[in-house]
Amino acid sequence: MKITKKNGHQTIYDDDKVINSILKANEGTSEKTLSRAVAAAIAADVFSRLTAENEIITTAEIRECVDLILRERGYSETAKRYTEYKKA
């Protein structure tokens, strides 16, 4: 799957980037610490949901999907921090 970045450059989807961003957003929250395995499962869910609809996606679509999945799983504080971190 290809991703269109904010600057218009296209790259290949890298789930490690999503996983690491989720883990970083979770650090310092009052929520249960996410393991790498749980973050990987979230990244896999993101990939599955987005590839079902598109061949090329934007970083904004990834951010929105991660936010949605984190909230669905009860990690609303992590979702907020992820969105703020990725918008910067």
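1. The largest pocket has a volume of about 340 Å³, a pocket being an open set of points on a 1 Å grid over the protein atoms alone, where a 1.4 Å probe fits, with protein on both sides within 12 Å along at least five of seven lines. Among the 17 residues that line this pocket (those with an atom within 4 Å of a point), K5, K17, T59, I62 and K86 are the closest to its centre.

2. This is a predicted model, in which local features need pLDDT of at least 70, side-chain atom pairs count only at pLDDT 80 or more, and totals for chains, interfaces and linings use all residues. Residues are numbered from 1 along each chain as its sequence is written, and side-chain values use heavy atoms, with hydrogens and water left out.

3. At least two residues of the pocket lining come from each of strand 2 (10-12), helix 1, helix 3 and helix 4, where helices are DSSP runs of H or I with at least four residues and strands are runs of E with at least two, numbered from the N terminus.

4. The buried residues of helix 4 (residues 76-87) are T78, A79, Y82 and T83, buried meaning under 20% relative accessible area with a 1.4 Å probe, protein chains only. They pack against helix 1 (15-26) and helix 3 (59-72), contact meaning heavy atoms within 4.5 Å.

5. K32, in the loop between helix 1 and helix 2 (36-51), is exposed, with a relative accessible area of 66%, exposed meaning over 50%. Not counting residues up to four places away in sequence, K32 touches N26 and Y75.

Conventions. Expected span 1.5 Å × (residues − 1). Points joined across faces, edges and corners; volume = space filled by probe spheres on them.
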